[in-house]
Structure formats: C-alpha cells, structure tokens
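Reader: I have a model open and want to learn how to read it. Where should I start?

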Amino acid sequence: MEHEDRFVDIEIKLAHMEDLVDSLNGIVYQQARRIDQLEGIVQTLAEHLRNLRETGQQMPANERPPHY
C-alpha cells in the first residue's frame, strides 16, 4: 500500500502543478496583451510628437499658461 499512497500523492501534486501552470499561462497571456496595448500607445504618442516637430508647432509643455 505504501507505493500506491506515494503514487496518489504524486498525482495530486501533479494536478496542482498543472493548475498552477494554466493559471500562470493565463497571466502571461494577459500581460502580453497589455504590453502590446502599451506599445501601441507609445508608438502613437511618438508619431504625434514627430508630427508636431515636423509642422513646427510648439509642444504643449512649452506653452505659456493663459494667465500670463
């Protein structure tokens, strides 16, 4: 019976590890999607800044506040 108990324990641990791997895989997938979204945002912002420089417009941070 001792061998059978060991096999059952190993199978239980394996099932928990499979669940953990599936959970971690889901988290990695979500993070990859979020990274893709953020890269798209950064690319859009960089393109916007490039367009502002090309047209000679001032950057919003360099504008004087309206109370001056």
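Author: Start with secondary structure. Helices and strands are DSSP runs, numbered from the N terminus; a helix needs at least four residues, a strand at least two. This is a predicted model. Its chain comes to 1 helix and 0 strands.

Reader: What span does H1 reach, and what is expected at 1.5 Å a residue?

Author: H1 covers residues 2–55. From first C-alpha to last, its 54 residues reach 79 Å, close to the expected 80 Å. Just after H1 comes Gly56, with a positive phi of about 80°.

Reader: How much of the chain is buried?

Author: Buried means under 20% relative accessible area. Of the 68 residues in the chain, 1% are buried. The accessible surface is about 6900 Å², and carbon and sulfur atoms hold 56% of that.

Reader: Which residues make the nonpolar surface patch?

Author: First, the general idea. An α-helix has 3.6 residues a turn, so residues three or four places apart point the same way. Now the case here. Leu20, Leu24 and Ile27 make a nonpolar patch of about 270 Å². Leu20 lies in H1.

Reader: Which residues gather in the patch of negative charge?

Author: Glu2, Glu4, Asp5 and Asp9 do, on the surface. Glu2 belongs to H1.

Reader: Why does Glu2 count as exposed?

Author: Exposed means over 50% relative accessible area. Glu2 counts as exposed because its relative accessibility is 63%.

Note on methods: Residues are numbered from 1 along each chain as its sequence is written. This is a predicted model: local features need pLDDT of at least 70, side-chain atom pairs count only at pLDDT 80 or more; totals for chains, interfaces and linings use all residues. Side-chain values use heavy atoms; hydrogens and water are left out. Patches are made of residues with over 30% relative accessible area and no salt bridge: like charges are joined within 9 Å, nonpolar side chains (Val, Leu, Ile, Met, Phe, Trp, Tyr) within 5 Å. Accessible areas come from the Shrake-Rupley method with a 1.4 Å probe; for residues, only the protein chains shown count as cover. A salt bridge is a side-chain nitrogen of Lys or Arg within 4 Å of a carboxyl oxygen of Asp or Glu. Buried means under 20% relative accessible area, exposed over 50%, partly exposed in between (1.4 Å probe, protein chains only). The expected span of a helix is 1.5 Å times one less than its number of residues. Lys and Arg count as positive and Asp and Glu as negative; His and the chain ends are not counted. The place of a charge is taken as NZ of Lys, CZ of Arg, CG of Asp or CD of Glu.
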